[in-house]
Structure formats: structure tokens, C-alpha cells
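User: I'd like a close look at one part of this protein, with the terms spelled out as you go. Here is the model.

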Amino acid sequence: RVFPRVNATCLGGWSHFDCTYSCTYLLDPEDPMFQVIGTLFLKELIKEFGTDHVYSADTFNEMTPLSSDPAYLSRVSNAVFKSMTGADPEALWLMQGWLFQHQPEFWQPAQVRALLHGVPLGRMIILDLFAESKPVYQWTESFYGQPFIWCMLHNFGGNHGLFGTVEAINHGPFAARRFPNSTMVGTGLVPEGIEQNDMVYELMNELGWRQEPLDLPSWVTRYAERRYGAPNAAAASAWQLLLRSVYNCTGVCVNHNRSPLVRRPSLRMDTELWYNASDVYEAWRLLLSAGAELGSSSTFRYDLVDVTRQAAQQLVSDYYLSIRRAFQSHALPELLTAGGVLVYDLLPELDSLLSSHSLFLLGRWLESARAAATSDREAEQYELNARNQVTLWGPSGNILDYANKQLGGLVLDYYGVRWSLFVSALVESLNSGSPFHQDQFNQAVFQVERGFVYNKKRYPAVPVGDTLEISRKLFLKYYP
């Protein structure tokens, strides 16, 4: 409106969102107004917050630049940096390196080099964002001379689910330091959501102070002792099992929790695990046996919920496979049995376990969203967003279940209702002899999912029941 002749381009849609929610306008960095606005913006920022001379900017994160011409890319990054130094001559540009591994077909070596070399060497710091799985420094000659930070991403949607790549984490930073002409200047943690898998974050933070990789088995024994405040042989053994199984994913590991428990049901669900399920069941048994000694430790209770939850998540996959087999072989009694146990017993039991611990409560998640508001109307809006984020993520399930969480209240009223609808649809299909149509089911289940986002039901923010007792009850019923 104010500068109708500036050269601005509308970028495309992002993920599964249309232009109502994405398609950002990008002012061409070569337009003279870019320097004016860029510098003005940073001056205001510095006036408000002061400065440490480090400025974050991600111009092309998950967005394709207008041209792959190296000369253009170099001019773009040079213009961004120039607008920074216009406000602060000591400016350092901090940039995520995610784009290079996210769109490798665009970011070939020539394009990466051009973007990075548009800025004087040493004045840009790259976050090698997903270095534990897809390090970029290795194929860019250590970011062509720009300093970088070796980062562990680990978790994408703040999902619950035991997961880690401990071998890659334990060796990765040291390999990066030994890399020819390495420009690594530090280690970092960049999860999209925290408050899960504490051990992995503890490990990563410790490595910043080490000269060489740790002896993981002895480290994890000491970890359990520090965490629970006392040595315990059963707890130490449980952690050895978790270390070698759930926490030892190798190869390229991208774990948006894929358990059928937290996914919209279908007949084509992935139940593959990167570990031996029996290791988790045995760790569960060992942790429970340590309950008499360690039960007063709050960290022990948290871990007991988490390991029991993981065991229940595995059991959901087993029941799902039984349900699918029964449906495919037209065995109605078996379908009713497996579906009945899952919907009417296992999921409610899991929900009551989660509801026994304050850190696994849907009510706490919603309350923390409301607490950030400055008015009742805003509180309603924030709660709506908090519900949408862990479920549909978008008005029509645009990034469905990306930020799935296993919380007391959510398991029963969202995942449980979905599974109930799925089992009913399969039973109806066998009874009537008509085929099961996934697209029809998706339309029906979307009403359930959307209903949860908008239903305004209140959830307790205070835990109910004894974690140890509930875990033991689940164990006696379900330990395989």
C-alpha cells in the first residue's frame, strides 16, 4: 500500500496449507527498500531488547528460492547480511542448516556454497540442525568454511514415545571436530518439543564437556543412580535394556511417533519397530520391582509411567494386528474380542495411568495455554489452539497427529473414540458384507477429531490415583 512499486514475490504454500494460512510475501533482497526496512527493523529490535550481536534469519527454510543461479543466491545472502551490519557493524548471522538436507535436490553444492559465501567467512553461524541423523557438514566441506554448531534435533512434534540415537549422538560431535578443516564451534539441542526422553538430553548436554565419547553402559548406570537418588540393581538393569533397544536407533532415524495408538486408524498402519519389543517389557518388569525401594522418587514415578506407557503402546500395535487379521479373514468373534479389549480395557487403563501423573495430563497442557492469555476470550482461543496442535494441526487435519501426545484425557476422548469408531466400522462391514472404505471412514472420524477440538470439555489439572498401583495392575493383566 505504501510502496506499490517494490519488488515483492508471493512464495508458494507450505506443507498441506493453502494460501489462507501460508504463501508469505518476500521482498526481493535486491530491491533498495530491503536495506531500508531490514536495517530499520533490526534497530527497533535492538532498542527494545538490546543485543548480543547474533541475529537469526531463515530466508528459505522449507521454501524454494526464485532462482537456483548461484550468483543470485550469493547476492541474496549478501543483502541480508548488509541489512544486519547497517544496524550493528558487529552482526553475526545465525541460520538453520535444515534447508540443505530438507531440499537437497535444490541445494546442490554450488547453491549451498553461493549462499554461504555471500557473507564474509566467520560472520555466519550455521546450525547443522539434524546432525545426529542427516549431518550436512560432511558433504559441504564443513559448510565451505563458515562456522557451524553440531545439533541434535531428536524430537519433531513434542511426541511421547521412547526414542533415541545414542550411538550417533555419542560419536557425532567428536567425528565433526576431527573432520578435515572442521569449522565446528559448539554443540546444540534443537528439539521441536521437550519434556520427554530426558536421558537423551542429559547425554547430549554432557558431551559438550567431554574430550571423547562416553562408555554408554556405565554412564547410563550412573544416570539411573543420579536420577533416582540411590543405586538400585533392578533400575540399572532396566536402563541397560532401554539403552540397547529404544534408545539405540541406527541409520537414518526420523521418529514422529508412528505407533498405531496415536495415528488415525486404517488397515495399512505401520507397526515396525527399530528395537526388540521384549526389551521394553523386561525393563517394565524390572522398574516395577524397584518400586518398593524407589517409589518415593518423583523421577522414578515419571519413568515408570513412561516405560509402562511405551509397553502399552506396543500392546496397542499387537491388538491392532489381531483386529486387522480377524477382519481380513472374516473372523467376527476374534474381531470383537481384540477390538473389545483394546477399546474397553487397554486404552482406558492407559488413560488412568497417564492421569495419575501431573506431567501426563491433558488438563495441564490446556491450563498452561490458558494461563498465557490476558482475557477470557484470548484464553478460549489459546485453549482451542492447544487442542488443535496435538490433534488436527490445521482446520482440516492439515498436519494430522504431527504433535501427538499421550496424555490422560486425550487417550480416552480422542484416540480411544477414534479406535472405537474404527472397530465399529469393521464390525459393520463384516455384518453387512459391504467393503470397508477408508475415505468414508476418514470423513466420519474427522467429525470426531474436530469435535474434540471444539467441545470445551474441562479436564483436571491435578493427578488422580497411585501410579505404582495402576502400573502394577496393567502389568498383571498385560505383561506378555
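How do the residues of the lining of the largest pocket divide into nonpolar, polar and charged?

Analyst: Happy to walk you through it. This is a predicted model, in which local features need pLDDT of at least 70 and side-chain atom pairs count only at pLDDT 80 or more, while totals for chains, interfaces and linings use all residues. Residues are numbered from 1 along each chain as its sequence is written, and side-chain values use heavy atoms, leaving out hydrogens and water.

To your question: the lining of the largest pocket has 14 nonpolar, seven polar and six charged residues. Here Ala, Val, Leu, Ile, Met, Phe, Trp, Tyr, Cys and Pro count as nonpolar, Asp, Glu, Lys and Arg as charged, and the others, Gly among them, as polar.

On a 1 Å grid over the protein atoms alone, a pocket is an open set of points with protein on both sides within 12 Å along at least five of seven lines, a cavity is a set where a 1.4 Å probe fits but cannot get out, and lining residues have an atom within 4 Å of a point. Grid points are joined across faces, edges and corners, and a volume is the space filled by probe spheres set on them. The largest pocket holds about 690 Å³. Its lining counts 27 residues, and E62, W98, F156, E192 and Y402 are the closest to its centre.

Helix α3 (residues 98-102) supplies the largest share of that lining, three residues. Helices are DSSP runs (H or I, at least four residues), numbered from the N terminus. Domain 1 (1-119) and domain 2 (313-478) each give at least three residues to the pocket lining; these bounds come from an automatic or database domain assignment.

How do the two domains meet? Their C-alpha centres lie 41 Å apart, and five residues of domain 1 are in contact (heavy atoms within 4.5 Å) with five residues of domain 2. Together the domains bury about 380 Å², 71% of it on carbon and sulfur atoms. In domain 1, H16, F17 and Y21 lose the most area to domain 2, together 82% of what that side buries. Buried area is the accessible area (1.4 Å probe) that two parts lose on being put together, summed over both. The count of salt bridges between the domains is zero, a salt bridge being a side-chain nitrogen of Lys or Arg within 4 Å of a carboxyl oxygen of Asp or Glu.

Key
Helices (H or I, at least four residues) and strands (E, at least two) are DSSP runs, numbered from the N terminus.
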